[in-house]
Amino acid sequence: VRTCCSMLTMQAEERNVSLSVDIPPETPTIIGDQTRFQQIFVNLIGNAIKYNKQDGGVRVTAVSRPGESLTIRVEDTGVGISSDELPEVLKKFGRASDSYVRAQEGLGLGLTIVQLLAETNGWDFQLESEVGVGTTVEITFPRKSLFSKRRTHAIAPKVCR
């Protein structure tokens, strides 16, 4: 997640969007394909930056339920998506009809790819959004996808800008 955040720092700075990541030190390691994992979070964080407001923010957090699951959440303060358009943005080449969204470059495949990769790996994908408020996407990794290890050092929250 930190690597994805670092990869997108320049894009966030160009759009004047704050980008932060907060991963607690006790967060378990995810077992899976690193390339696919990064593809999911580059798409999610990239969208959160792209469809954000001037001086907006993107926050990436992790919440662990020991022995159960790990949820990584990407929240933004962007333009949001209306509830009736949520099914559309999850379709191949689907995009919201908002004029701001249409003005942004993209094929409308990012969320489709994220949803497909998550489901293929047995991870849960959740999308919530409200127009004018922003969007939250959660990927939940079940216990079978996690390796818990004790870390000997703490990782403080980091702002990537």
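Modeller: A term to start with: buried means under 20% relative accessible area, exposed over 50%, and partly exposed in between (1.4 Å probe, protein chains only). This is a predicted model: local features need pLDDT of at least 70, side-chain atom pairs count only at pLDDT 80 or more, and totals for chains, interfaces and linings use all residues. Residues are numbered from 1 along each chain as its sequence is written, and side-chain values use heavy atoms, with hydrogens and water left out.

Biologist: Is strand S4 mostly covered or uncovered?
Modeller: Mostly covered. S4 spans residues 69-76, and six of its eight residues are buried. Strands here are DSSP runs (E, at least two residues), numbered from the N terminus.

Biologist: Which way does S3 run against S4, and how many bridges join them?
Modeller: Antiparallel, with eight bridges. Strands count as paired if DSSP finds at least two bridges between them. S3 covers residues 57-65. Arg-65 stands opposite Ser-69 in S4.

Biologist: What sits between S3 and S4?
Modeller: Three residues, making the two strands a hairpin. Gly-67 in the turn has a positive phi of about 80 degrees.

Biologist: And S6, how many bridges join S4 to that strand?
Modeller: Seven, again in an antiparallel arrangement. S6 is residues 134-142. Arg-73 stands opposite Glu-138 there.

Biologist: Switching to charges. How many salt bridges does the structure hold?
Modeller: Three. A salt bridge is a side-chain nitrogen of Lys or Arg within 4 Å of a carboxyl oxygen of Asp or Glu.

Biologist: What is the N to O distance for Glu-138 and Arg-73?
Modeller: 2.6 Å. Glu-138 is partly exposed at 21% relative accessible area. Arg-73 is partly exposed too, at 22%.

Biologist: Which residues are joined into one network?
Modeller: Asp-22, Arg-59 and Glu-75, through salt bridges that share partners. Arg-59 pairs with Asp-22, the closest N and O atoms being 4.0 Å apart. That pair links distant parts of the chain: Arg-59 is in S3, Asp-22 in S1 (residues 18-22), 37 residues apart.

Biologist: What is the relative accessible area of Arg-59?
Modeller: 41%, which is partly exposed. Asp-22 is partly exposed at 25%. Glu-75 also counts as partly exposed, at 25% relative accessibility.

How values were computed. Helix = DSSP H or I, 4+ residues; strand = E, 2+ residues; numbered from the N terminus.
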